[in-house]
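Dear colleague,

I am handing over the structure below, together with an account of what was found in it. Please read the account with the model open beside you.

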Amino acid sequence: MVLRHALMTASESGRLRAFVSRTPAARGAVDRFVAGEHAEDAVRAVADLAAQGMLATIDHLGERTLHPLQAEDATRSYLVLLGRLADAGLAGSAEVSVKPTAVGLGLGAEGEALAADNIARIATAAERADTTVTVDMEDAGSVAAILRIYHQVRDDHPGLGCVLQSALRRTEGDLVAVARPGTRVRLCKGAYAPDPGTAHTRRHDVDTAYVRLLRWLMESQAYPMVATHDPRLIKIAGILAAVNGKGRTEFEYQMLYGVRPDEQWRLAQEGAQVRVYVPYGPDWYGYLTRRLAERPANVGFALRSLAGR
Ligand code: FAD
C-alpha cells in the first residue's frame with residue numbers, strides 16, 4: 001500500500017519523470033508495456049495481435065496537455081494513425097482510445113470545448129477508416145467534464161465508446177445515463193489515486209462494485225467491454241454473459257498490452273473476443289508508473305531492467 005502510494009505520487013512528479021526519461025536503460029521496463037514510440041510500432045503490434053485472433057485499441061500516449069498546440073499535435077497523431085491503420089488494412093482489427101486531457105481538456109475555460117472538438121475530429125476520421133473511438137476515463141476531478149464531452153460528441157458519432165470506473169461511487173448513476181442500446185461501455189476498476197470522499201478506497205469494495213455494475217451492464221442492451229485482468233471478474237463476466245444470452249460478438253474482454261498475455265491468448269483460443277489496449281508514443285512515463293503502482297510485483301522487473309539485468 002505504501003509502495004503503491006509512492007508510485008502514484010511518482011506518477012505526478014515532473015522531476016522524476018525527467019530523470020527516468022533521460023535514462024536509456026529504462027527502455028527495457030517500458031518495452032514490456034508500450035508498443036514503441038511511433039505509429040508504425042503500434043500498427044505492427046496490431047498486426048501481431050490480429051495474427052493471434054485478437055483486436056486492439058490504440059492509445060497515443062500523453063495526457064494533461066499544457067498548450068493548445070500540444071492538443072493539436074496529439075489530435076493529428078490520431079489522424080495519422082487512423083490513416084496508417086486503414087492503409088495497412090487493419091482498421092477492422094483496431095480502434096483508438098483517446099484521453100480528453102491529451103486533446104485539450106484542462107486548458108482553461110475553453111479546454112472542454114477544444115477537447116470535444118478534437119475528439120469529434122478523431123471520431124470522424126475513425127468513421128472514414130471504418131473503425132471507432134473510445135473516450136478514456138481519467139482522474140475523479142475530470143469525470144463530469146469527460147462525460148459531458150462524451151454525450152455531446154456521441155450525438156453525432158453513435159459508435160463512440162466510453163469508460164466507467166467501479167472505484168467511483170457516482171458510477172452507478174453514470175452507467176444508467178450512458179448504457180443505451182448498442183452503446184460501447186468499457187468497465188474498469190479505475191487507475192487513479194482514490195479520494196475517500198468520492199471513491200471506494202478498499203479493494204474489496206471496488207471489486208464488489210465492479211460485479212454489481214457488470215451485472216447491470218450485461219443485463220442491458222449496451223455493448224459491454226470488460227476491462228480487467230482479475231481472474232475472478234473474468235470468470236464472472238463469462239457467466240453473466242451466458243446467463244444473459246450474450247453471444248460471442250455481443251461483448252468483449254479487454255486487457256492491457258504486456259499484462260497477462262497468456263490469459264489474453266487463452267480467452268481468444270476459447271473463442272471469446274479479446275481486445276488489447278496498445279499504448280505507443282514517447283510520453284510513456286505517467287502510463288508506466290500507473291501500471292507499476294497497480295502491481296508492485298512489476299517494480300522488481302522494472303528495477304532489474306534499469307540495472308541492465
Ligand atoms: P487488479 O485489481 O489490478 O488486479 C486483480 C488481479 O488481477 C490480481 O490479483 C492478479 O490476479 C491479476 N493481475 C492484475 N495484473 C496482473 C499482472 N500484471 N500480471 C498477472 N496478474 C495480474 N483505467 C482508467 O482509470 N481509465 C481508463 O480509461 C482505463 N482503461 C483501461 C483499458 C483497459 C483495456 C484495461 C485492461 C484497463 C484500463 N484501465 C483504465 C485500468 C484499470 O482501471 C485498472 O487500473 C487496471 O486494469 C488494473 O485493474 P485490474 O482490474 O486489472 O485488477
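Met137 lies in the loop between β3 (133-135) and α7 (143-154), where helices (H or I, at least four residues) and strands (E, at least two) are DSSP runs, numbered from the N terminus. This is a predicted model, in which local features need pLDDT of at least 70 and side-chain atom pairs count only at pLDDT 80 or more, whereas totals for chains, interfaces and linings use all residues. Residues are numbered from 1 along each chain as its sequence is written.

Met137 counts as buried because it has 25 C-beta neighbours inside 10 Å; a residue is buried if 20 or more other C-beta atoms lie within 10 Å of its own, exposed if 12 or fewer, and partly exposed in between, with C-beta atoms placed from the backbone. Setting aside residues up to four places away in sequence, Met137 touches Val143, Ile146, Val163, Leu164 and Gln165, contact being defined as C-beta atoms, placed from the backbone, that lie within 7 Å.

Met137 is also one of the residues that UniProt, in an unreviewed entry, lists for "binding site", the others being Gln165, Lys189, Gly190, Ala191, Thr228 and His229. The UniProt positions are given in the numbering used here, feature names are shortened, and annotations may be inferred rather than shown by experiment. Of these listed residues, Gly190 sits in the loop between β5 (184-188) and α9 (203-219), and Gly190 is buried because 23 other C-beta atoms lie within 10 Å. Leaving out neighbours within four places in sequence, Gly190 is in contact with Gln165, Ser166, Ala167 and Leu168.

Around the ligand itself there are 22 residues, of which Asp136, Cys188, Ala191, Thr228 and Gln254 come nearest; a residue is near a molecule or strand if its C-beta atom, placed from the backbone, lies within 6 Å of it. By class, this shell has 11 nonpolar, 5 polar and 6 charged residues, where Ala, Val, Leu, Ile, Met, Phe, Trp, Tyr, Cys and Pro count as nonpolar, Asp, Glu, Lys and Arg as charged, and the others, Gly among them, as polar. β4 (161-165) and β7 (252-256) each supply at least two residues of the shell, and β7 gives the most, with 3 residues.

**The barrel and the chain as a whole**

The protein chain has 13 helices and 8 strands. A closed barrel of 8 strands runs β1-β2-β3-β4-β5-β6-β7-β8, with parallel pairing, two strands being paired if DSSP finds at least two bridges between them. Within this sheet, neighbouring strands are turned by 30° against each other on average, direction ignored. β3 and β4 pair in the parallel sense over 2 bridges, and Thr134 has Gly161 of β4 as its bridge partner. Strand β6 (residues 223-227) pairs with β7 in the parallel sense over 3 bridges, with Val226 opposite Tyr253 in β7.

β7 is largely enclosed by the rest of the structure, because 5 of the 5 residues of β7 are buried. Both of its faces are covered, with Glu252, Gln254 and Leu256 buried on one side and Tyr253 and Met255 buried on the other.

Of the 309 residues of the protein chain, 46% count as buried. Among contacts between residues at least 6 apart in sequence, 72% join residues at least 24 apart.

With best regards

Methods:
Two residues are in contact if their C-beta atoms, placed from the backbone, lie within 7 Å. Axes are lines fitted to C-alpha atoms, for helices over the stretch in contact, and angles run from 0 to 180 degrees between N-to-C directions.
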